[in-house]
Amino acid sequence: MAQAQLAPGARVGDSEVFDLAASWRGLRINSMCNALSEPQNRSAFKADEEGFMAAHGLTDPEKQLVRDRDFSGLLAAGGNIYFLLKLGVVTGNGLYRMGAGMRGESYEQFLATRNDAGAV
């Protein structure tokens, strides 16, 4: 039996579904983040974030989201969590730090909700 497709812009709970529209909306962000898979690009980003963002064609609002490390905003702008994780790691914001920010909690508050208190 075929599974029904969700309507464009659908939400599951409080989460936006990453669909084709979100993919196109986040193309610049995701392309930049994906480039961070390469060691030389990680070094280039760390040396000159502004130049790296400009080279990937980010708009001014997208650049501000990156500067602010606003991962919720980057998701809303079409960022894909798997690509955003690359940016998170390069900027010292691993998955748990990103999750804390998305929930509006401190890192310590977020860790307290995890099953393994020693996990980072």
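**Reading a predicted chain: overall build and one residue**

Me: What does the C-alpha trace span along its principal axes?

Reply: The extents of the trace are about 50 × 35 × 25 Å. The accessible surface of the chain amounts to about 7400 Å². Carbon and sulfur atoms contribute 54% of that surface.

Me: How many of the residues count as buried?

Reply: The chain has 120 residues, and 32% of them count as buried.

Me: Which share of the contacts joins residues 24 or more positions apart?

Reply: Among contacts with a separation of 6 or more, 43% join residues 24 or more positions apart.

Me: How many positive and negative side chains are there, and how far apart are the centres of the two sets?

Reply: There are 12 positive and 14 negative side chains, and the centres of the two sets lie 3 Å apart.

Me: Let us turn to a single residue. Where is Asn41 found, and why does Asn41 count as partly exposed?

Reply: Asn41 belongs to helix H3, which covers residues 39-47. Its relative accessibility is 21%, and therefore Asn41 counts as partly exposed; the buried class requires a value under 20%.

Me: Which residues does Asn41 touch, beyond those up to four places away in sequence?

Reply: Asn41 touches Ala35, Leu36 and Phe52. Phe52 is 11 residues from Asn41 along the chain, and their C-alpha atoms are separated by 8.4 Å.

Notes: Residues are numbered from 1 along each chain as its sequence is written. This is a predicted model: local features need pLDDT of at least 70, side-chain atom pairs count only at pLDDT 80 or more; totals for chains, interfaces and linings use all residues. Side-chain values use heavy atoms; hydrogens and water are left out. Buried means under 20% relative accessible area, exposed over 50%, partly exposed in between (1.4 Å probe, protein chains only). Contact means heavy atoms within 4.5 Å. Accessible areas come from the Shrake-Rupley method with a 1.4 Å probe; for residues, only the protein chains shown count as cover. Lys and Arg count as positive and Asp and Glu as negative; His and the chain ends are not counted. The place of a charge is taken as NZ of Lys, CZ of Arg, CG of Asp or CD of Glu. Helices (H or I, at least four residues) and strands (E, at least two) are DSSP runs, numbered from the N terminus.
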